[in-house]
Amino acid sequence: MTKSILQLDHVGVRFDALRAVDDVSLDVRRGERRAIIGPNGAGKTTLFNAITGVVPPSSGRVVFEGRNITHAPPHRRADWGISRTFQITNLFPSLTVRQNMELAIRGLTPRKFSFFGSPAATDEERAQADSALTLSRLAARADSAVNELSYGEQRQLEIAMALAPNPRLLLLDEPAAGLSPAERVIVANIIRALPKDITIVLIEHDMDLVLSLVDWVTCLNNGQFLAEGTPADIRNNADIQNVYLGKARHHA
Amino acid sequence: MATPISQAAPSYEARTRPSHVVGWIALAAVALIALPLVLPSYQVSITTQILIFSVLAMSIDVLAGYGGRTTLGHGAIFGASTYVVIYWTAVLGGGIWTGVALGILCATLLAAVFALLAIRTSGVYFLLLTLALGMIVWGLCLRWTSVTGGENGLRGIGRPEFIADHISFYYAVLLVVAPVTWAMWRFVHSPFGLTLRGIRDSESRMRSLGYNVPLHLFIAFVASGFFAGIAGALYALFNNFVSPSTVQLSQSVAALLMAITGGVGTLLGSFVGATLIIALENVVSAFTARWPTVLGVTFVLIMIFAPEGVVGRVRILLSRRRKRQSSESLN
Amino acid sequence: MDRRQFLKTTALTLATGAGTLAAPHIVRAQAAPIRIGLMAPQTGVVAAGGREIIDGFTLFWENARNRVGDRSVELIVEDDASNPDTALQKARRLVEQAKVDFLFGNLLANTGLAVANYVKGNGTPYFIPVIAADDLTQRSRIKNVIRAGGYSASQFSRPLADWALKQGYKKIATISQDYTFGHEQCGGFAQTFTEGGGTIVGQFWHPLNTSDFSPYLGQISGLKPDAVFAMETGADSSRLIQQYASFGLKGQIPMLGAQNATDQSVIRTLGPECEGIVTSAHFAEGADLPATQAFVKTYSGKFSKIPSLYAFSHYVGAMWVAKAINGIGGKVEDRNLFLDTVLKTDLPDSPLGKPVRFDDYGNPIYDVFIRKVVKNKDGKFWNLPIETYPQVSQFWKYDPETYLKQPPYSRDFQGIKKA
């Protein structure tokens with residue numbers, strides 16, 4: 001069990017009568033690249049929200065590095081090493097890229113409580129920001145305003161901000177959503193190049209993209225666990241072909 | 001005063017060349033110091049009033065412009081300080097400086113109570129909740145006649161001798177307002193200030209980055225209440241009288257309008273807003289009894305043609321011009 | 001823009017700004033006119049009364065051809081917005097910028113108290129024909145604040161209480177707006193009534209702007225008093241009088257009231273429901289006195305309405321102060337002389353119809369009318385005197401020094417004598 005970093009133990013999330021996530025159990029090993037797939041409405045993002053604490057589970061347990069975090073607020077979970085990106089771009093549009101990065105870094109440091117201190121980044125903060133920006137291939141745009149970035153660059157910044165605090169678990173919610181094929185390649189390369197000690201859980205619709213990035217796949221349907229396996233298993237699983245791949249191809 | 005501003009240069013919104021900023025600040029300082037030498041005494045007291053209300057408007061801007069929480073309860077926090085100062089000196093016979101300290105303390109505590117009740121809401125709910133809390137304070141001042149004097153209010157005992165006349169009081173207020181402004185400027189341009197702007201832009205992102213959003217808003221609200229309390233204590237010395245009209249809703253609205261007119265999120269815009277509104281009030285009311293209408297129309301026009309406020313508008317124009325110039329120099 | 005041009009532009013802007021602020025500044029010429037600052041609410045909750053203050057005050061000066069003590073008069077009117085902070089600001093402007101020789105006016109007690117506290121510091125004479133707060137001419141007397149044409153709140157309710165005792169009323173309930181003006185008028189009534197052997201069976205305090213009086217009316221009728229004393233102003237007064245009639249209490253329990261309850265500003269919009277209410281005041285528009293009727297006729301002719309408290313008080317106040325100024329040959333700059341002369345001036349021929357003079361505290365001594373609301377020959381309702389109490393001072397029959405030792409009236413202290 002020491003290899004396990006995140007465990008979901010019969011997690012359920014209910015909104016009134018709707019079971020958005022219904023009795024899902026998962027075990028993610030440290031350093032693993034895990035994809036969670038499923039058609040729209042399968043409960044993928046809700047599951048993310050349960051892991052990050054945005055929506056606390058109504059039943060079951062979430063355990064991170066042996067600690068029961070089921071009811072901890074989001075900022076505590078961030079403190080313990082969980083970081084995420086958002087499906088719908090969620091940045092600070094009126095600030096610069098660098099300021100976005102500073103906020104991302106200071107979330108876990110006491111400097112966020114400096115009331116009268118200089119706003120300039122310390123050397124350490126700067127190095128940390130630059131390293132995350134370089135990983136996300138955004139270093140050249142560090143001094144731009146967020147609302148001057150292209151959409152693709154904003155998605156890259158999403159990743160850079162999630163990387164900045166050096167998380168141990170990174171949750172990527174459709175990192176390539178809405179991108180052109182060329183931009184998808186950039187994002188895929190960024191994810192592929194991320195340090196191996198970061199555990200990554202990824203939601204993605206683009207099957208070709210996702211299956212090339214991960215080593216284990218969990219498939220949800222209607223909030224319930226459907227199947228899991230290696231990318232190769234998933235490609236050949238008839239159930240998944242039916243509920244998901246077929247549909248997805250139609251939509252595409 | 002030059003240092004913090006040049007340090008603030010990386011801030012994107014306020015990216016003005018430091019040498020220009022120093023020039024502007026120096027000019028403003030000279031103008032403010034020289035003002036009593038050229039203005040008649042009544043205009044000096046109007047300017048004093050403008051300075052005091054600028055602090056109140058800035059305290060609102062800290063929350064509204066940086067934390068994204070528009071409040072309608074700050075008139076009550078401001079007025080609570082005024083009440084305490086006058087009650088302490090005139091009714092209890094206490095010393096003026098203890099009174100000022102107590103006034104600011106009470107305003108800060110009141111702000112803490114408001115904050116505990118309101119920070120978990122946002123948008124129109126926050127607006128209405130702070131409005132309701134302000135109304136409770138107003139009701140209390142109106143009904144608790146044995147302490148507050150009810151409708152008739154409380155009369156002060158006047159200022160200490162050395163700041164009794166208009167001009168020395170003006171300088172005394174200036175001497176307080178300048179460092180308070182500087183402190184607020186540092187505050188909104190500190191790492192904590194950046195946190196507030198992050199909260200304004202996206203609370204969900206801030207939470208996932210490890211920020212305890214309600215805690216930060218609580219601190220911002222209390223700090224803002226502290227600054228409003230300073231303004232309220234100065235107002236007690238200025239007005240030498242307090243009644244429920246000092247804590248009523250229209251006080252909160254007027255101060256918010258000053259912040260908005262100057263430009264929310266610009267901090268120093270509050271000086272422009274307070275000057276415009278107070279000067280307009282005084283000039284127009286000398287000519288027509290319909291002055292509230294004139295004020296209203298002016299405000300509507302500002303909202304249509306410069307919704308980002310006067311200072312906000314100027315900044316946009318300046319940055320456009322800078323961009324045009326830099327693109328021209330490239331060609 | 002280079003630096004030099006920038007400085008020039010800025011200096012110009014500042015200069016224009018200062019010029020605009022200073023716009024109403026008027027240079028004083030030789031043989032300068034006497035400058036009077038009048039503050040009245042032209043906006044806010046009591047704007048209607050403020051309009052009548054201006055009408056009454058300017059009517060006097062028009063009749064006097066804007067001259068007094070061989071000097072011309074310049075009148076500067078400011079809106080106090082029914083708000084004490086605004087009143088204070090306007091008072092500052094009138095004194096410090098417009099350099100007026102003295103101030104007049106204000107309607108709401110809190111605006112008057114704020115201005116009084118301001119002039120206390122600089123000695124500007126301030127005349128308050130409507131501001132009735134007792135302590136301004138009692139415990140917190142300010143030498144330069146004089147109630148020319150005005151009265152202190154508890155002054156007129158005492159003779160009314162005396163009259164009520166003479167009617168054989170033993171038990172009376174009071175209903176009043178819950179603020180100082182109400183506490184003081186009710187206090188004057190309750191103290192005199194109980195000291196004369198009557199009983200106050202209940203006191204009801206309601207917030208300003210009460211729309212529904214039925215809870216109070218129900219309780220009052222339950223107490224079965226011999227009469228009710230109502231202390232109401234403005235729209236509250238209209239509503240109480242209407243609801244009193246529609247709940248059937250009119251005709252069962254006689255209604256007495258403070259003078260403002262049946263002031264013209266209230267009853268000119270009412271019908272027969274106000275008929276028969278008995279109040280007390282220093283003025284009765286229905287009084288068959290030549291000076292009163294002449295004034296009512298002039299005022300009604302000009303403004304198409306019978307003058308209210310706000311109008312006649314300011315007319316009388318202006319007349320009183322003008323007489324004093326004539327007495328000192330226009331030398332209002334000598335403030336001590338001016339104030340002393342005002343306090344010594346008797347006014348024999350004002351619209352009040354009876355001679356009046358000041359007590360030692362800057363408050364007038366009046367012949368007080370007990371008045372009943374009746375319909376006049378034009379079909380309008382007005383206040384007709386049915387009895388007169390001569391020479392009523394704010395201290396009634398008490399020795400001023402002894403009286404001032406008792407606390408001011410409040411909700412908790414109504415001066416009620418325990419039987």
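These questions and answers cover a predicted model, with attention to chain C and to the contact of chains A and B.

Q: What makes domain 1 and domain 2 of chain C each a split assignment?
A: Domain 1 takes residues 31-153 + 310-350, and domain 2 takes 157-288 + 367-403.

Q: How do you know that domain 1 of chain C is in contact with domain 2 of chain C?
A: Contact requires C-beta atoms within 7 Å. In chain C, 15 residues of domain 1 and 9 residues of domain 2 are in contact across the domains. On the domain 1 side, helix H2 (47-63) and helix H11 (309-327) of chain C give two or more residues. The largest share, 3 residues, comes from H2(C).

Q: How many residues on that side of domain 1 of chain C are nonpolar, polar and charged?
A: The side of domain 1 that touches domain 2 has 9 nonpolar, 4 polar and 2 charged residues.

Q: Which elements of chain B give two or more residues to the side that touches chain A?
A: The contact takes 26 residues from chain B and 33 from chain A. The elements on the chain B side are helix H8 (166-188), helix H9 (191-201) and helix H10 (203-208). H9(B) gives the most, with 7 residues. The chain B side divides into 9 nonpolar, 11 polar and 6 charged residues.

Q: What span does helix H3 of chain C reach, and what is expected?
A: H3(C) covers residues 84-97, which is 14 residues. Its first and last C-alpha are 19 Å apart, close to the 20 Å expected at 1.5 Å a residue.

Q: Why is H3(C) called mostly covered?
A: A residue is buried if 20 or more other C-beta atoms lie within 10 Å of its own. In H3(C), 13 of its 14 residues are buried, so the helix is called mostly covered. Just after H3(C), C:Lys99 takes a positive phi of about 50°.

Q: How do you know that strands E7 and E8 of chain C pair?
A: Pairing needs at least two bridges. E7 (residues 171-177) and E8 (residues 199-206) of chain C are joined by 7 bridges, so they pair. The two strands run parallel.

Q: Which elements make the right-handed β-α-β unit of chain C?
A: The unit is made by E7(C), helix H6 (residues 180-195) of chain C and E8(C). The term right-handed applies because, with the strands pointing away from the viewer, the path over the helix runs clockwise.

Notes: Residues numbered from 1 in each chain as written. Chains lettered and ligands numbered in written order. Predicted model: local features only at pLDDT ≥ 70, side-chain atom pairs only at ≥ 80, totals over all residues. Domains from an automatic or database assignment. Contact = placed C-beta atoms within 7 Å. Helix = DSSP H or I, 4+ residues; strand = E, 2+ residues; numbered from the N terminus. Nonpolar A, V, L, I, M, F, W, Y, C, P; charged D, E, K, R; others polar. Expected span 1.5 Å × (residues − 1). Buried ≥ 20, exposed ≤ 12 C-beta atoms within 10 Å, placed from the backbone.
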